[in-house]
Amino acid sequence: MRYQPKQSPVSRQIASLVRRFPALVRLPYLIYQRARPRYTLGAAAVILNESGAVLLVEHVYHPRFAWGLPGGWVDFDEDPAVGIVRELHEELTLSARVSRVLHVAKTARSHIDIAYLCVAESSVGKLSHELLAYRWAAESDLPLLKPFHARAIELARQDLRSAG
């Protein structure tokens, strides 16, 4: 037996009308959607090698934290997991696959970052104009990093320790 709470007759009439003419909700939905907050989205990759060192890159356009995880902006209507794979290829000529999400945080006023645990499927190739250098950093050799990057690396290393 299906539970049906009492609905007002007006709600039933509106539902019936909307089901017959779905386009009626399109304009109110678009107005509502425009009034909602907008965020930019970034994606970063945590890639660990066999010895547990993490891949770090030296960014041209990051004055406060030059060294950090590889990554970048997610394009409009792009799946963030696809975006990080694209960024790795564009910036490092590196083929990789996404393993899982490690960390998500609001890192600026209207910006959200997602850190993915990734697995390299090739070695680093030619660097883009956005990067100066790359290196594999051991846990004891990490430079000063953005808190988001440091936390993502910490979570990846916790995974590695619990798996091994």
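Helices and strands are DSSP runs, numbered from the N terminus. The exercises below use these numbers for a predicted model.

**Exercise 1.** Locate Thr-93 and Asp-77, and decide whether each is buried, partly exposed or exposed.

*Solution.* Step 1: Thr-93 belongs to the loop between helix 3 and strand 5. Asp-77 belongs to the loop between strand 4 and helix 3.
Step 2: Most residues other than glycine have a negative phi. Thr-93, which is not a glycine, has a positive phi of about 50°. Asp-77 is not a glycine either, and its phi is positive at about 65°.
Step 3: The relative accessibility of Thr-93 is 36%, so Thr-93 counts as partly exposed. For Asp-77 the value is 75%, so Asp-77 counts as exposed.

**Exercise 2.** Explain why His-103 counts as buried, and list what His-103 touches.

*Solution.* Step 1: Find the residue; His-103 is in strand 5.
Step 2: Buried means under 20% relative accessible area. His-103 has 18% relative accessibility and therefore counts as buried.
Step 3: Leave out residues up to four places away in sequence; His-103 then touches Asp-113, Ile-114, Ala-115, Phe-148, Arg-151, Ala-152 and Leu-155.

**Exercise 3.** Compare the reach of helix 4 with the expected value, then find its buried residues and what covers them.

*Solution.* Step 1: Helix 4 runs over residues 147-163 and has 17 residues.
Step 2: From first C-alpha to last, helix 4 reaches 24 Å, close to the 24 Å expected at 1.5 Å a residue.
Step 3: The buried residues in helix 4 are Phe-148, His-149, Ala-152, Ile-153, Leu-155, Ala-156 and Arg-157.
Step 4: The cover over these buried residues includes strand 1 (40-47), strand 2 (54-59), strand 3 (67-68), strand 5 (96-108), strand 6 (111-120) and strand 7 (131-137).

**Exercise 4.** Describe the largest pocket by its volume and its lining.

*Solution.* Step 1: The volume of the largest pocket is about 580 Å³.
Step 2: Its lining has 24 residues, and those nearest the centre are His-62, Trp-73, His-111, Asp-113 and Lys-146.
Step 3: At least two lining residues come from each of strand 1, strand 4 (71-73), helix 3 (80-92), strand 5, strand 6 and helix 4.

**Exercise 5.** State how many aromatic pairs are counted, and say which ring the charged end of Arg-135 sits over.

*Solution.* Step 1: Rings of Phe, Tyr and Trp pair if their centres lie within 6.5 Å. By this rule the number of aromatic pairs is zero.
Step 2: The charged end of Arg-135 sits over the ring of Trp-67, at 4.8 Å from the ring's centre.

Terms used:
Residues numbered from 1 in each chain as written. Predicted model: local features only at pLDDT ≥ 70, side-chain atom pairs only at ≥ 80, totals over all residues. Heavy atoms only, no water. Helix = DSSP H or I, 4+ residues; strand = E, 2+ residues; numbered from the N terminus. Expected span 1.5 Å × (residues − 1). Buried < 20%, exposed > 50% of the residue type's maximum accessible area, 1.4 Å probe, protein only. Contact = heavy atoms within 4.5 Å. Phe/Tyr/Trp six-rings, centres within 6.5 Å; stacked < 30°, edge-to-face > 60°. Lys NZ or Arg CZ within 6 Å of the ring centre and 35° of its normal. 1 Å grid on protein atoms, 1.4 Å probe; cavity = no way out; pocket = protein on both sides within 12 Å on 5 of 7 lines; lining within 4 Å. Points joined across faces, edges and corners; volume = space filled by probe spheres on them.
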